[in-house]
Amino acid sequence: MVTAAHPLPAHLGPHPGPRAAAVRHLGPNWYATVMGTAIVAGAGAALPFPVPGLRPLCTAVWALSLILLVTLLTARALHWRHHRDRARAHLLDPATAPFYGCLAMALLSVGGGALAVGRDWIGVRAAVLLDAVLFTAGTAVALTAAVAVPYLMAVRHRVAAAEATPVWLLPLVAPMVSAALGPSLVPYLPAGQARQTLLFGCVALFGLSLFATLLMLPLVFARLLTGGPLPAVLVPTLFLVLGPLGQSTTAAGKFAEAAPGVVSGPDGRGFAVFAVLYGVPVTGFALLWAALATAHVVRARRRGMGFAMTWWAFTFPVGTCVTGAAALARHTGLAAFDVLAGALYAVLVGAWLVVGAHTVRGLVSGELLAGPRPAPVAPRPATARTTSGAVR
């Protein structure tokens, strides 16, 4: 991964060299590593109770996510320059195109982490600037993906309802990440119209993502109930459903915290009421889905499910549930949400360590950046292929 991130030497010209060749099969799904790392820092900073020594560790993890982001942006630039055939294949592959939502969420999560913990190292001014740049870029990519990917699925991909997977949610969840992280920038804008515009813009992004998710989620649930278990490689993606649930709860809490001084009168107080009335039942459903997804993962693991990049679905979505539970803890004062946030954060850190170790091992061996293997003559139900080979 590090080798693939260095710019291509100028003397190599337009022909791919060893470094460019190494990123030929690097798909947009790799941005999940940035998201999964950044959320460890952001969720740790959001915990509703102090943990001695945790904040410096979170800051270090955020710095790692920033390095990963820069590395992947460079590597993906090489990919687009030298392997446009593969890049086009990714866009035309219904199993891979939704992962372009991960680019938006990677930009947004690193930007949000800069303001949450990165400011301890780079200073508040630099953190605000970095967050503003990444928030703007991430939101633009999120909105583009939320429109472009469903359009491609309808016009070019020609997918069937029986092929629905939680991966389809990725481009639709990205605007919700903007909605959850944007309110943190509100205090740094001039009072009045600027603050109100950003806050209500985030509320609009909240609605955009929420209703789009509500349209897509029934397809995923129906496919799961009527089509049988997902292929083993895709079973971890069931955890992606937690993303819009936890992130929307987080966003509602952030609206309530940003509203005082920005929205006057009962409208401002209404945000606090909404944060609780919306967040509590959604968190209940998130816990139900987490139990269902865990049962599927245990079943698949017992049947030989091996590591794949889809295991990164165990990180970011769980992290959004941590921040959602932490928001409810602040707004309700209930110790139960403190316990829930702490327990989920322990799960998040454990998952990140395991998945990170497997990813490093796969990079060192070269397996994760290798091209797709030839499909067997009689594929087993437990395997899944994509035309681009980006999801393995």
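Me: Why is phenylalanine 221 called partly exposed?

Reply: In this predicted model, phenylalanine 221 has a relative accessible area of 36%. Buried means under 20% and exposed over 50%, so a value of 36% places phenylalanine 221 in between, as partly exposed.

Me: Where is phenylalanine 221 found?

Reply: Helix α9, which covers residues 193-226, holds phenylalanine 221.

Me: What makes a nonpolar surface patch with Phe221?

Reply: Phe221, Leu225 and Leu292 form the patch, with an area of about 270 Å². A patch residue needs over 30% relative accessible area and no salt bridge; the 36% of phenylalanine 221 is therefore over the area cut-off.

Me: How do you know which elements line the second largest pocket, and how much space lies in it?

Reply: About 510 Å³ of space lies in the second largest pocket. Its lining comprises 26 residues, of which Gly112, Ala116, Leu181, Ser184 and Lys254 are the closest to the centre. Two or more lining residues come from each of α3 (31-46), α6 (100-122), α8 (170-181), α10 (242-258) and α12 (316-332).

Me: What classes of residue make up the lining of the second largest pocket?

Reply: The lining has 13 nonpolar, eight polar and five charged residues.

Me: What is the secondary structure of the protein?

Reply: The protein has 13 helices and zero strands, and its pattern along the sequence reads α-α-α-α-α-α-α-α-α-α-α-α-α.

Me: How many residues does the protein have, and what percentage is buried?

Reply: Of the 392 residues in the protein, 53% are buried, that is, under 20% relative accessible area.

Methods
Residues numbered from 1 in each chain as written. Predicted model: local features only at pLDDT ≥ 70, side-chain atom pairs only at ≥ 80, totals over all residues. Heavy atoms only, no water. 1 Å grid on protein atoms, 1.4 Å probe; cavity = no way out; pocket = protein on both sides within 12 Å on 5 of 7 lines; lining within 4 Å. Points joined across faces, edges and corners; volume = space filled by probe spheres on them. Helix = DSSP H or I, 4+ residues; strand = E, 2+ residues; numbered from the N terminus. Nonpolar A, V, L, I, M, F, W, Y, C, P; charged D, E, K, R; others polar. Patch = residues over 30% accessible without salt bridge, like charges linked within 9 Å, V, L, I, M, F, W, Y side chains within 5 Å. Areas by Shrake-Rupley, 256 points an atom, 1.4 Å probe, with all protein chains shown as cover. Salt bridge = Lys/Arg side-chain N within 4 Å of Asp/Glu carboxyl O. Buried < 20%, exposed > 50% of the residue type's maximum accessible area, 1.4 Å probe, protein only.
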